[in-house]
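Biologist: I would like to learn how to read a structure feature by feature. Could you walk me through one?

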Amino acid sequence: MSGFAAKIVASLAFVCLSVGAATAQQAAACTSSTLGNPPRETIRCPGGLVIEAEAAADITIRAPAANAAPTSVALTGRAVLIDLTPARSFQILTPHAIASVRGTVYAVDVETDTTAVFVSRGAVQVAARQGPGVVTLGPGEGVDVRPGEPLVVRRWPQERVARLLARFGR
């Protein structure tokens, strides 16, 4: 089993917290607030993690214990913006990709057949769940992950960046 696969399997044993458009739950160690224009939820967790989730985002926050810093988020629909400072290990798991970070600001957007990852600050390693390839993204770079297709790092056009970040009021 690869290192990535082992981490995913290990994360399944962790405490989970689901957050969705109609869900008001929050982890004992995390606090949340609702923001408007555009509607979204901000979740602040130990370890310097801030998650902004679109109102319709479908996420599950995973932590090794009830009051511990989260180590991953499963995202199955819509987008999240992650701000993680200081640097530490953290993953976003989608149906198409695994985005691993060491301290950064980045966005992950999940659609039916694609996961898009964009880095605003720092570095993010992205691996396809199906198919070969691992890439590392730096500031201004993104990748679209589709099952069975190669991962191609691209500098995203300002228009695409603006459309994505506008979903988080930026």
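Biologist: Let me start with two residues. Are Phe 118 and Trp 156 buried or exposed?

Modeller: First, a caution: this is a predicted model. In it, Phe 118 is buried, and Trp 156 is buried too.

Biologist: How many aromatic pairs does a search of the whole structure find?

Modeller: The general idea comes first. Two numbers describe a pair of aromatic rings: the distance of the centres and the angle of the planes. Here the search of the whole structure gives 1 aromatic pair. The ring centres of Phe 118 and Trp 156 are 5.0 Å apart, with the planes at 25 degrees, so the pair is stacked. Planes count as stacked when they are under 30 degrees apart.

Biologist: Which parts of the chain does the pair link?

Modeller: Distant ones, 38 residues apart. Phe 118 sits in strand 10 (residues 115–121). Trp 156 sits in the loop between strand 14 (154–155) and helix 2 (158–166).

Biologist: Which residue lies over the face of Trp 156?

Modeller: Arg 160, at 3.7 Å from the ring centre.

Biologist: On to helix 2. Which residues of helix 2 are buried, and where do they lie around the axis?

Modeller: Start with the geometry. An α-helix has 3.6 residues a turn, so residues three or four places apart point the same way. In helix 2, the buried residues include Val 161, Leu 164 and Leu 165. These cover an arc of only 90 degrees around the axis, which puts them on the same side of helix 2. What do the buried residues of helix 2 pack against? Strand 6, strand 9 (104–110) and strand 10.

Biologist: Now the nonpolar core. Which residues of the largest nonpolar core touch the most other members?

Modeller: Think of a core as buried nonpolar residues joined through side-chain atoms within 4.5 Å. The largest one has 32 residues, and Ile 59, Ile 92, Tyr 106 and Val 126 touch the most other members. Strand 6 (residues 72–84) gives this core its largest share, 5 residues. A second, separate core has 11 residues, among them Ala 79, Leu 81, Ala 107 and Leu 164.

Biologist: What does Val 126 touch?

Modeller: Leave out residues up to four places away in sequence. The contacts of Val 126 then include Ala 97, Ile 98, Val 117, Val 135, Leu 137 and Leu 151.

Biologist: Take a charged side chain next. Why does Glu 52 count as buried?

Modeller: The cut-off for buried is under 20% relative accessible area. Glu 52 is at 7% relative accessibility, so it counts as buried. Glu 52 belongs to strand 4 (residues 49–54). Its side chain makes a polar contact of 2.7 Å with that of Arg 40. Another polar contact of 2.7 Å joins the side chains of Glu 52 and Arg 170. Beyond four places in sequence, Glu 52 also touches Phe 168 and Leu 81, among others.

Biologist: Last, the backbone. Which peptide bonds are cis?

Modeller: Read omega. The bond from Asn 37 to Pro 38 is cis, with omega near -5 degrees. The bond from Thr 85 to Pro 86 is cis as well, with omega near 5 degrees. Pro 38 is in the loop between strand 2 (31–35) and strand 3 (40–45). Pro 86 is in the loop between strand 6 and strand 7 (90–93).

Biologist: What is phi of Asn 37, and what is phi of Arg 78?

Modeller: Phi of Asn 37 is near 50 degrees, positive in a residue other than glycine. Asn 37 counts as exposed, at 73% relative accessibility. Phi of Arg 78 is near 75 degrees, again positive in a residue other than glycine. Arg 78 lies in strand 6 and is partly exposed, with a relative accessible area of 38%.

Definitions and conventions:
Residues are numbered from 1 along each chain as its sequence is written. This is a predicted model: local features need pLDDT of at least 70, side-chain atom pairs count only at pLDDT 80 or more; totals for chains, interfaces and linings use all residues. Side-chain values use heavy atoms; hydrogens and water are left out. Rings of Phe, Tyr and Trp (its six-membered ring) pair if their centres lie within 6.5 Å; planes under 30 degrees apart count as stacked, over 60 as edge-to-face and the rest as tilted. Helices (H or I, at least four residues) and strands (E, at least two) are DSSP runs, numbered from the N terminus. Buried means under 20% relative accessible area, exposed over 50%, partly exposed in between (1.4 Å probe, protein chains only). A charge sits over a ring if NZ of Lys or CZ of Arg is within 6 Å of the ring centre and within 35 degrees of the ring normal. Contact means heavy atoms within 4.5 Å. A polar contact is a pair of N or O atoms within 3.5 Å; within protein, one must be able to donate a hydrogen and the other to accept it, and residues adjacent in sequence count only if both atoms are side-chain atoms. The arc is that of the directions from the helix axis to the C-beta atoms.
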